[in-house]
Amino acid sequence: VAEPLNKDFQKVAKRFPKENGGDKKIMVKFDSHRISEDQFETKKSDKCGPQRYEAVKHGSYQIYPCALKQYLDAHEVRYADVSGKQKVTTFRHEIYLDYGVEEAIMYAKHAAALGETNRLDPSVLAAVDPQAFWSAMLWYEAFIETLQELNLSVDLVDAWKGLEKGRTSSKQLFAAASMMFDFGPALEKGPTENWGVTKSKDLHVRIATDFAICAFEAIHL
């Protein structure tokens with residue numbers, strides 16, 4: 001458990017046995033970071049997993065640094081419901097924590113070690129662990145390389161390679177959108193360069209806001 005959550009947890013852990021005779025245990029459930037996975041009882045029309053997956057396939061998504069001051073350590077995702085089932089197109093907004101390329105690599109390795117390779121299918125991962133899905137898309141090349149190194153099924157690797165067209169389209173649309181605005185060279189930087197942001201919170205917010213504006217425009221394109 002990460003700090004400062006761990007401090008609160010330890011306080012509860014010390015108090016709990018005293019208040020309950022010491023014969024009970026504490027069980028803690030952590031949701032999928034800041035994005036909730038699709039629940040079994042969720043109506044099919046309300047499930048976001050298929051919408052995430054289809055949005056990526058069509059290039060109708062954008063990932064960029066969060067512009068909210070309380071979430072400067074997070075990433076934002078905007079994507080469109082491209083199913084065509086709704087009269088009005090829905091644009092969804094999600095915030096998640098990304099811990100870098102190593103997280104995406106280790107997620108695949110741990111899933112394989114536990115025999116949970118089925119969840120690594122992109123259409124499945126988009127529903128059961130949105131955080132991991134967006135992380136895999138952000139660190140796409142390294143993630144696929146890891147799947148290949150683990151000697152996982154060709155079908156699984158091909159399923160991820162099938163998203164390359166949409167990923168390329170997303171990048172091209174963002175480049176086209178950024179040309180409409182004069183926001184400077186920071187928008188040319190990606191996650192490997194920390195999106196061009198610095199330790200300055202004000203500069204972080206300004207650059208992240210520029211990214212958000214271009215992301216909106218790119219999805220509409």
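Predicted model: local features only at pLDDT ≥ 70, side-chain atom pairs only at ≥ 80, totals over all residues.
Residues are numbered from 1 along each chain as its sequence is written, and side-chain values use heavy atoms, without hydrogens and water.

Histidine 204 sits in helix α9, residues 201–220 (helices are DSSP runs of H or I, at least four residues, and strands runs of E, at least two, numbered from the N terminus). Setting aside neighbours within four places in sequence, I list Pro65, Cys66, Leu72, Val197 and Thr198 as in contact with histidine 204 (heavy atoms within 4.5 Å). A polar atom of the histidine 204 side chain is 3.5 Å from the backbone oxygen of cysteine 66.

Next I checked glutamate 164, which belongs to helix α8. Glutamate 164 is partly exposed, with a relative accessible area of 31%. Its side chain makes a polar contact of 2.9 Å with the side chain of threonine 168 (a pair of N or O atoms within 3.5 Å, one able to donate a hydrogen and the other to accept it; residues adjacent in sequence count only if both atoms are side-chain atoms). From glutamate 164 to histidine 58 I read 10.0 Å, C-alpha to C-alpha, at a sequence separation of 106 residues.

Conventions. Buried < 20%, exposed > 50% of the residue type's maximum accessible area, 1.4 Å probe, protein only.
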